[in-house]
Amino acid sequence: MKLSIALTAGLVASATAAPTIGAIFDKILNKLSLDQIAKIRGGRYIGTATDVWIMEQDAPYKKITTSNEYSVWTPENTMKWETLQPQQGAFNFTEADKLVSLARKTGKKVRGHTLVWHSQLAPWVEAGNFSPAELKKITKNHVQTVARHFRGKIFHWDVVNEVFNEDGTLRDSVFSRAFGEDFIEWAFRWAHEADPHAKLYITDYNFEGDTPKTKAVTALVRKLKKKGVPVHGIGAQGHFILGNLDGEGMKRTWKTWSDDLKVDVAIAELDIRIPMPATPEKLAAQAADYETVTKNCLAVKRCVGITFWQWTDKYSWVPGVFTGEGAPLPYDEDLKRKPAFDAVKKVLVAGK
Ligand SMILES: *[C@@H]1O[C@H](CO)[C@@H](O)[C@H](O)[C@H]1NC(C)=O
């Protein structure tokens, strides 16, 4: 159409064929990394979970992990309680320190993950049958020793992780059995005292819809903020199953957190798993789901960024945990970009 006008209409042709400023801008954006585009389109970040031991044995993986595609790293496993304090009082920061140090060297910020979580907890915490008073001391010591160790080097902490059941009630754990929900408030106050600069998050899965669970965290965060508890953000993990996204409910919920609760929203552990094998049709549908999540983040004022839970299928946790499912990330096992990568990029370039 444009071409035929150009051929027949002389002067008009140059005006019609000339790319618009917007098109030129998009072309420039397309040459940038996901993180760079997200920064330009609203000051957001793109991050990834990783751990240094993987980078040490896989140079091509390290090259992309340390590249400017991502500006935020979350340690996938090396800051969990079982790793940091495997025996009572015996802290081991070796692997976590390596991650923070490499992150700083390569210009990445770090989302600390996670201070209080019932899972990947060192076995001694439950096995000790501690009194509530003892357990409170142990928990405070863990939170503050870890937060103090990394003070000033962590930009977000996932302070408490997965404290709810699907019906919105408090999950049963060694912590909730001893303290009810009080440990949540304490953990935020302890973490803030130890590292006043870190933004503090409450994080969970199925935090991406309009459900009893998301209503429960909305009510809890409202209550905590009213009491002056330093809670700054809600982390939606974003572990999805292909085709199972509630796009509208997700956006509604995140907007409530952003605009009504006035807390930041981070997509903290994004992956979208596929029933294997991953056919071209399923990869296209997965790309559409990635597009929905990215668009929803851009539509939410205080959505600060998106972190993939690893960026390549080669190192995803999914196949090891969900039998018959896999391929949940924007790069395949050969570190090649998938349609999901292009979909995220397209949305970021468009800025909506
Ligand atoms: C601390 O962790 C490192 C890395 O996993 C390990 O090599 C080292 O043996 C640990 N140190 C102690 C005292 O257990």
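The model is predicted, so local features need pLDDT of at least 70 and side-chain atom pairs count only at pLDDT 80 or more, while totals for chains, interfaces and linings use all residues. Residues are numbered from 1 along each chain as its sequence is written, and side-chain values use heavy atoms, with hydrogens and water left out.

**Annotated span**
- The unreviewed UniProt entry places "domain: GH10" at residues 31–347; such positions follow the numbering used here, feature names are shortened, and annotations may be inferred rather than shown by experiment.
- Residues 31–347 are 44% helix and 18% strand, and their end C-alpha atoms lie 14 Å apart. Helices (H or I, at least four residues) and strands (E, at least two) are DSSP runs, numbered from the N terminus.

**Nonpolar core**
- The largest nonpolar core has 93 residues, and Trp157, Val160, Ile202 and Phe308 have the most contacts inside it. Such a core is a set of buried Ala, Val, Leu, Ile, Met, Phe, Trp, Tyr and Cys residues joined through side-chain atoms within 4.5 Å.
- Helix H12 (residues 182–194) gives the most to this core, with 8 residues.
- Leaving aside neighbours within four places in sequence, Val160 is in contact (heavy atoms within 4.5 Å) with residues including Phe183, Ala187 and Ile202.

- H12 has 13 residues and reaches 19 Å from its first C-alpha to its last, close to the 18 Å expected at 1.5 Å a residue; the expected span is 1.5 Å times one less than the number of residues.
- Among the buried residues of H12 are Phe183, Glu185, Trp186 and Trp190. Buried means under 20% relative accessible area, exposed over 50% and partly exposed in between (1.4 Å probe, protein chains only).
- The 15 residues of H13 should span 21 Å, and the end C-alpha atoms are 21 Å apart, which agrees.
- What covers the buried residues of H13 includes H12, E5, E6 and helix H14 (247–260).
- Just after H13, Gly228 takes a positive phi of about 80°.

**Strand E6 and its partners**
- Strand E6 (residues 233–236) is covered on both faces, with Gly233 and Gly235 buried on one side and Ile234 and Ala236 on the other.
- Strand E5 (residues 199–204) runs parallel to E6, joined by 4 bridges; strands pair if DSSP finds at least two bridges between them.
- The chain crosses from E5 through helix H13 (residues 212–226) to E6 in a right-handed β-α-β crossover, meaning that, with the strands pointing away from the viewer, the path from the first strand over the helix to the second runs clockwise.
- E6 also pairs with strand E8 (residues 264–275) in the parallel sense over 4 bridges, and Ile234 stands opposite Val265 in E8.
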